[in-house]
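Here are some exercises to work through with the model open beside you. Try each task first, then compare your steps with the solution.

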Amino acid sequence: MLTIENLKAAAGDKEILKGLDLQVNAGEVHAIMGPNGSGKSSLAHILAGREGLDVTGGSVSFNGNDLLELEPEERAAVGVFLAFQYPVELPGVNNTHFLKEALNAQRRNRGEEELDSVAFMKLVREKMELVSMKPELLKRQVNAGFSGGEKKRNEILQLTLFEPRLAILDETDSGLDIDALRTVSKGVNAVRSEERAIILVTHYQRLLDYIEPDFVHVLADGRIIRSGDKTLALELEKKGYNWITDSEAA
Amino acid sequence: MNQSEGTLIRRLVCDRHPEETIRDENPWLSVLKKEAASWISDMPLPNRKMEAWRYTPIEFINKTAFSLDAEEAPFEALDLIDIEELLIPGSESSDRIVFVNGRYAPGLSGLKTGNGITLHTLAGDSKLPSGFKRQIGHADLSGRFFFTLNNALMSDGAVIHVNQQGGERRRLELLHITVGMPDPVIHNPRHLVVLERNTSLELVERYTSLGKSTYFNNAVIDIHLSEESDLLHTRLQEESELAQHLGHLTVKLEAHSNYRQVSLASGAAWSRTEAQIIFNGEHAHAELDGLILAGSKQLNDVHLEVLHEVPNCTSREHFKGLLSSNGKIVFDGRILVARDAQKTEAALNNENLMLSRSAEVDTKPQLEIFADDVKCSHGATVGELDPGMLFYLRSRGIPKAQAERMLCTAFANEVVSCISETPIRDHAKRMVLQHLASEGETG
């Protein structure tokens, strides 16, 4: 599904990714862990198409598309979804309007029929229940005045609405209490399927208790320096990143 | 100053005055107009050296030979069916006073009887109570050129008198329609709105046109709010894109009165609002929210003065400018708190969103405080669309152009959503969308 080869990226003069390789197949859940500043979030944003990060080498292929050539909205339409670590507040933009426009824009782009208001509302209510979101958040402005937990739920609501092929969750667990973490995980597990893949960017093993990964990768200094199964995360939790970064240096 | 400046407009004034007496005109009006005309002949034309005109070019006044087309008014041939397309859907049956090319059009107007509103017109009403004559005549003609020009040329206007207390808030639309003429014309409507003690009114003041043509609407509206009266005032400037528009507004607030204004200016090639809010009695409150749109080849200027002359009054002024293409916005807002006006609370704010690097905004919020126990603030911002917001929308599949439109609409909605009546608010939303769509086409 997703093949990243020798990806190099920079923000201005600063090198962020220094030759990253990653293969993600349909049905798989990959966790990417690593110390602060290792490039985890940058990788997530590059895949979603954020401006301001220069890809200086390598390639990203997604279901036959050269992902790096696509506009952010086109990436969404082919099924790439990024759950933001810091969901953006959009004062003055109604949440229902936003969700409906986004879903229908993706459908239009794929040549599918748009949902009318009735069909959309039915769908969104169903999904909101799944992520235990208060219905009144639909009437509010997108993320504006939402608590940290509400913002994250709103991201996962979008995940369950859009049903992307590849979901990238950028530190979705950060700042969540145990209850919120459980509901968010429930939402993620609900979209988990044989056709879909998930990349979890996280600092903590805790999330992986709820969403069990097939693979765990350690990203440090712009490269994946170790890959393993879920036991790697447990080991990291016990020994810290130095255990690997030091042995790499040695 | 170049001697030829203002020749055309001065000739227009002096050709009619001082000797000519207009047929059927009220003598008191003639006296007033003559006095104003004599001021105009000596007054310097506004120019860039004057602070109030520093950023607002007025070349059109030297280039255009405006004429008064009052003699053969086109509205007599107009029927309600002709203006139907101009009416706001959902408010077709509301009380309406219509002016066509600066003249009262009784056939297009309609006031329900017993609604507590008395209407007089300047041209037609020789029995105008002397109190109103005084209010119209009692004006300082020495300073503001276009206000004085209106006084010199005014031919008609509405005197709206609300004198019935209690009951539901009355609604009234003051609709100005310009019917395109082959040659440039100038209209000088002159209105007076008086709310008696403890009365209320919802006034929609609108300017629009049938067909594209060049004209100059030089309108003056004076508002007097008696004690405990309450006015909701919506101003919609949707003039032809070739037009010039100057709206001169004075609002006087007596004790415990309340003034709420929401304004939206989207039309005209050249548009200027000169507004003065004057606190005359204690515990009065004024709130103004305005949206200023300036797209391709448009200049949109708001000059606002809020004069806190007495203690214990509050005011809030919030104007948002949205610029695209080579549009230009001038905002000059000034709050003045007199020495005796203790316990004044006032806040003035101007926010601008620029969609184009070729646009220009000149903003000048000012506070002048002579009292020592007040809470006042003022500020201005100029910014572009937030790249983080744009990326968030696009990452959800929303195409760039649509994402930009959504953010602009959201910016505008903060003002538009202040309009309480649904049909008017929906109409204002359409004005914004139309403006954004036409700007999208021109790039």
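## Exercise 1: an aromatic cluster

B:F146 is buried, with a relative accessible area of 1% (buried means under 20% relative accessible area, exposed over 50%, partly exposed in between, with a 1.4 Å probe and protein chains only). This is a predicted model, in which local features need pLDDT of at least 70 and side-chain atom pairs count only at pLDDT 80 or more, while totals for chains, interfaces and linings use all residues. Residues are numbered from 1 along each chain as its sequence is written, chains are lettered from A and ligands numbered from 1 in the order in which they are written, and side-chain values use heavy atoms, with hydrogens and water left out.

**Task.** Which aromatic pair does B:F146 form with B:F216, and which with B:W270?

**Solution.** 

Step 1. Start with the rule: rings of Phe, Tyr and Trp (its six-membered ring) pair if their centres lie within 6.5 Å; planes under 30 degrees apart count as stacked, over 60 as edge-to-face and the rest as tilted. The count by this rule is 16 aromatic pairs over all chains.

Step 2. B:F146 and B:F216 pair edge-to-face, at 5.6 Å centre to centre with 80° between the planes. This pair joins helix α6 (residues 145–153) of chain B to strand β9 (residues 215–225), 70 residues apart. Helices (H or I, at least four residues) and strands (E, at least two) are DSSP runs, numbered from the N terminus.

Step 3. B:F146 and B:W270 make a tilted pair, 6.3 Å centre to centre and 55° between the planes. Here helix α6 is linked with strand β13 (residues 270–279) of chain B, 124 residues apart. B:W270 also counts as buried, at 6% relative accessibility.

Step 4. Now widen the view: ring pairs link B:W53, B:F60, B:F66, B:F145, B:F146, B:F216 and B:W270 into a cluster.

## Exercise 2: charges over rings

**Task.** Over which ring does the charged end of B:R272 sit?

**Solution.** 

Step 1. Apply the criterion: NZ of Lys or CZ of Arg is within 6 Å of the ring centre and within 35 degrees of the ring normal.

Step 2. The ring is that of B:W53, whose centre is 3.5 Å from the charged end of B:R272. In chain A, the charged end of A:R226 sits over the ring of A:W243, 5.4 Å from its centre.

## Exercise 3: a helix in chain A

**Task.** How many residues of helix α1 of chain A are buried?

**Solution.** 

Step 1. Find α1 at residues 40–48 of chain A; 8 of its 9 residues are buried. Among them are A:L43, A:I46 and A:L47.
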